[in-house]
Amino acid sequence: MKTKSFEELKKQFYNYEYKDLVITQTYAQAMLELALRNNNASQIHQAEHYTARISTSLGKKEKALKFIEKALLHSQEDNDSVYIIKNLYLNGKIYADYGEYEKAIDYYVTVCDLLKNDPDQTKYHMISHNIALIKNQIGDVRNAVERSKKNLHYFQSQGATASHKNIINSYLLLVSAYSKLAIKNQIKPLRKKVYLDSSMIYINESIDKTIQYNDKEAYIILLVSKGINYYELEQYDRSLKNLNEAEQLSNRYNIFVKLPMIHLFQGKVYYNLGQFDNAILYSEKATAASKTYKIDLPYFQEILILLAKSYEQVGDTANAIKYYKLFSKKHEQNDLLKNQNNKSLYEKYDIPSLENKIKSLENKTDEIGTKYKYVKYIAWSLICLLLAFVFFYTKRQYQYKRRFEKLLVQIDTLEKKQQESLQKEDSKSEVDTKVTTKKQPKIADEKVVEILNRLKRFEEKEQFLSNKCTLNYVAKKVKTNSTYFSIVLQKHKKKKFVQYISDLRIEYALQRLKNDSIFRSFDVKSIAKEVGFNTSESFSKAFKKRTGIYPSFFIKNLEKLKVNS
């Protein structure tokens with residue numbers, strides 16, 4: 001190795017980089033030693049670059065950062081524009097590999113700025129793709145979509161010279177991003193379907209590309225995405241068809257990266273079909289595949305909760321308790337559920353009430369085999385009171401039923417309005433200035449428009465669900481003071497602040513309870529906390545005032561409708 005030139009050592013580095021990391025490291029070390037002996041500035045910063053590169057591949061973060069900092073400094077001193085760009089890019093990649101996404105994006109953006117005037121824009125769009133990947137990962141999905149569309153358009157414009165990997169990767173990211181947008185809008189079925197339709201369009205387009213380029217792995221990934229989308233659309237037969245085909249191809253071509261996810265969603269489909277034994281079987285397969293192929297499934301907690309719920313359905317209380325506890329323990333480890341990108345998973349399974357669930361099952365287990373004791377017959381003097389209660393209860397239930405039916409009509413109307421609003425979402429419409437044409441001596445029309453526009457964004461982001469949502473808090477959000485905000489609110493919303501926030505929360509609860517069966521399974525206390533109320537009593541009172549019925553009655557009748565349909 002000591003007889004080889006610097007360029008020969010570099011060539012060997014490339015040859016072994018994806019074959020044997022240990023051997024690759026020896027060539028990086030040899031390059032650095034030779035460069036220092038030669039006192040060659042260009043060779044030194046190149047060797048430092050390759051040392052940082054192999055260090056991050058070996059999981060040595062601190063060493064990687066140390067050498068990339070040196071490489072960047074020395075390449076700048078040497079005015080080597082090629083390696084300046086390479087070092088900035090590698091610096092971003094190191095931070096991305098270790099989950100420090102904001103720092104990674106800073107470096108990637110710097111590289112993009114340096115490349116934006118390059119005649120060949122391929123590298124620019126490849127790095128833009130990396131930025132889009134991170135944006136999608138951290139929850140800035142719309143930015144990821146916008147970037148990916150531009151990248152895809154560029155790569156497709158290259159014609160025969162285009163890299164099929166760049167095209168496929170852009171398609172895959174668009175599929176993932178639109179599916180994420182759909183999942184984030186679970187409680188808004190019309191919006192959710194729009195995003196799933198967009199995802200399906202890109203799936204169908206990209207499947208043709210994978211067949212054209214014979215990209216088996218991408219084809220399998222797209223089949224899985226299609227199966228998951230059909231699952232979200234509750235088209236379970238179609239979902240299973242795609243998932244089963246993906247499983248067969250994974251085994252045929254020895255491509256196992258998506259196998260745990262395939263088995264997880266097969267289990268979820270069977271659970272929703274009421275085939276709980278099959279749900280358990282495929283959930284166990286998902287766990288086994290993760291261990292066998294050493295794949296860290298992002299939604300491992302979903303396997304645990306699916307197993308717990310499935311065992312509960314088949315009456316195996318011991319295993320149900322076991323997996324509920326494992327799920328709760330995973331949450332405490334904070335490895336997934338508190339990540340902002342997976343907030344929906346945290347909310348979906350109602351972590352705060354899991355302990356109550358476990359205790360309830362344990363209590364049922366303790367009660368097995370015990371005999372119930374009966375109380376004495378109610379005295380005849382209470383019979384009249386009981387009959388009176390039955391009469392008034394029946395009458396009240398009839399009134400509540402009528403109110404419930406009217407309420408469903410109101411929710412449908414609200415959802416239709418949201419659909420119409422969705423169609424105009426991409427063209428940001430301004431608040432109708434006609435509402436401010438009357439004279440207002442204390443607030444200018446332009447100020448009112450700004451406040452109402454910001455208030456609209458406040459509602460769209462569902463920030464009213466925070467239990468810290470005070471008058472001052474919201475006033476700051478719309479960038480005004482509480483006095484101005486109160487005037488605008490009463491003028492244009494016809495409500496005082498407390499009533500305004502309460503109505504938003506109740507409307508949110510109504511839609512989510514109607515469309516989300518998992519949310520309906522929560523107790524009232526957990527529902528109240530979820531929508532921003534501090535107590536179940538305050539929530540029930542606000543719900544009754546707004547709808548004329550109690551939340552428990554509303555949930556019970558929704559479940560009846562589901563069973564009857």
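The chain holds 19 salt bridges, a salt bridge being a side-chain nitrogen of Lys or Arg within 4 Å of a carboxyl oxygen of Asp or Glu. The model is a predicted one, in which local features need pLDDT of at least 70 and side-chain atom pairs count only at pLDDT 80 or more, while totals for chains, interfaces and linings use all residues. Residues are numbered from 1 along each chain as its sequence is written, and side-chain values use heavy atoms, with hydrogens and water left out.

| Pair | N to O separation |
|---|---|
| R53 and E17 | 2.8 Å |
| D140 and K135 | 3.6 Å |
| E507 and R546 | 3.6 Å |

In the salt bridge between R53 and E17, R53 belongs to helix α3 (residues 41-57) and E17 to the loop between α1 (6-16) and α2 (21-38), so the pair ties together parts that are 36 residues apart in sequence. Helices here are DSSP runs of H or I with at least four residues, strands are runs of E with at least two, and both are numbered from the N terminus. Both R53 and E17 are buried, where buried means under 20% relative accessible area, exposed means over 50%, and partly exposed lies in between (1.4 Å probe, protein chains only).

E507 is partly exposed at a relative accessible area of 23%, and R546 is partly exposed at 28%.

Turning to the chain as a whole, it contains 27 helices and zero strands, and 44% of its 565 residues are buried. Among contacts with a separation of 6 or more, 61% are between residues 24 or more positions apart, a contact meaning heavy atoms within 4.5 Å. The chain exposes about 32,200 Å², of which carbon and sulfur atoms supply 51%; accessible areas come from the Shrake-Rupley method with a 1.4 Å probe, and for residues only the protein chains shown count as cover.

When residues up to four places away in sequence are not counted, F256 touches S250, N251, Y293 and I295. The C-alpha atoms of F256 and I220 are separated by 9.8 Å, and the two residues lie 36 residues apart along the chain.

The axes of helix α4 (residues 61-77) and helix α5 (residues 81-97) come within 9 Å and cross at roughly 160°, the axes being lines fitted to C-alpha atoms over the stretch in contact, with angles running from 0 to 180 degrees between N-to-C directions. The two helices, α4 and α5, are therefore roughly antiparallel, a term for angles over 145 degrees. The residues in contact include A64, L65 and I68 of α4 and Y83, I84 and N87 of α5.

Note on methods
Parallel < 35°, antiparallel > 145°, perpendicular 65-115°, else oblique.
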